[in-house]
Amino acid sequence: MGRNKIDKRNLLSENIRHWFDKYPVAMADVYCMAILPPGWESLAEPIVAAAEAAGVGVDQIKEKFGGLRIYLDNGTDELYKLCDDAERESLKTCQECGQRGTTTTSGWRLTLCDTHHTKRNNDRS
């Protein structure tokens with residue numbers, strides 16, 4: 001008996017599941033999708049769109065050490081530069097709302113604006 005095939009859409013944040021339909025080439029072989037914070041969608045989607053246009057697959061999209069990470073399968077220099085630029089931009093963009101943010105340096109690294117940083121601290125109290 002064959003193994004059950006997992007629908008990769010279930011591995012994605014609900015807010016970006018539609019990317020499988022919109023970018024079928026780029027998203028075909030994605031194997032690791034942690035939750036993409038909503039504040040970084042606007043940083044990630046242009047890279048996925050460019051990968052789609054170039055026929056390049058996306059391996060992973062995730063948060064790591066308070067920043068956005070996008071890993072490609074045999075991308076071009078131009079695509080890798082877009083990934084590097086988005087990673088740098090994410091370190092000063094609130095991962096919750098997309099406004100200007102800073103990366104926390106104590107505990108779990110997050111990049112948050114003042115409002116979401118305060119909310120997170122209040123929620124932990």
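This is a predicted model: local features need pLDDT of at least 70, side-chain atom pairs count only at pLDDT 80 or more; totals for chains, interfaces and linings use all residues.
**Exercise 1. The chain as a whole**

How many helices and strands are there in the protein chain, and where is confidence lowest and highest?

Solution. 

- Step 1: helices (H or I, at least four residues) and strands (E, at least two) are DSSP runs, numbered from the N terminus. The protein chain has five helices and five strands, and their pattern along the sequence is α-α-β-α-β-β-α-β-β-α.
- Step 2: pLDDT is the predictor's confidence in each residue, from 0 to 100. Its mean over the protein chain is 86, with 85% of the residues at 70 or more.
- Step 3: the lowest confidence in the protein chain is in strand β1 (residues 32–33), with a mean of 65, and the highest is in helix α4 (residues 77–90), with 98.
- Step 4: of the 125 residues of the protein chain, 39% count as buried.

**Exercise 2. Tyr 23 and its aromatic partner**

Locate Tyr 23, list its contacts beyond four places in sequence, and classify its ring pair with Trp 19.

Solution. 

- Step 1: Tyr 23 sits in the loop between α1 (19–22) and α2 (24–27). Its relative accessible area is 8%, so Tyr 23 is buried.
- Step 2: contact means heavy atoms within 4.5 Å. Apart from neighbours within four places in sequence, Tyr 23 contacts Glu 45, Val 48, Ala 49 and Glu 52.
- Step 3: Tyr 23 and Val 48 are 25 residues apart along the chain, while their C-alpha atoms are separated by 7.2 Å.
- Step 4: a polar contact is a pair of N or O atoms within 3.5 Å; within protein, one must be able to donate a hydrogen and the other to accept it, and residues adjacent in sequence count only if both atoms are side-chain atoms. The side chains of Tyr 23 and Glu 45 form such a contact at 2.7 Å.
- Step 5: rings of Phe, Tyr and Trp (its six-membered ring) pair if their centres lie within 6.5 Å; planes under 30 degrees apart count as stacked, over 60 as edge-to-face and the rest as tilted. The count by this rule is one aromatic pair. The ring centres of Trp 19 and Tyr 23 are 6.3 Å apart and the planes are at 80 degrees, so this pair is edge-to-face. Both Trp 19 and Tyr 23 are buried.

**Exercise 3. Ser 90 and Thr 103**

Find which backbone atoms the side chains of Ser 90 and Thr 103 reach.

Solution. 

- Step 1: Ser 90 is in helix α4 and is buried, because its relative accessibility is 0%.
- Step 2: the Ser 90 side chain reaches the backbone nitrogen of Leu 68 at 2.8 Å. Not counting residues up to four places away in sequence, those touched by Ser 90 include Trp 40, Leu 43 and Thr 111.
- Step 3: Thr 103 belongs to strand β4 (residues 102–103) and is partly exposed, because its relative accessible area is 22%.
- Step 4: the Thr 103 side chain reaches the backbone oxygen of Leu 91 at 3.1 Å. A polar contact of 2.8 Å also joins the side chains of Thr 103 and Thr 111.

**Exercise 4. Cysteines**

How many disulfides does a search of the whole structure find?

Solution. 

- Step 1: a disulfide is a pair of cysteine sulfur atoms within 2.5 Å.
- Step 2: the search of the whole structure finds zero disulfides.
- Step 3: Cys 94 is in no disulfide, and the nearest cysteine sulfur, that of Cys 97, lies 3.7 Å away.
- Step 4: Cys 94 has a relative accessible area of 0%, so Cys 94 is buried.

Conventions: Residues are numbered from 1 along each chain as its sequence is written. Side-chain values use heavy atoms; hydrogens and water are left out. Buried means under 20% relative accessible area, exposed over 50%, partly exposed in between (1.4 Å probe, protein chains only).
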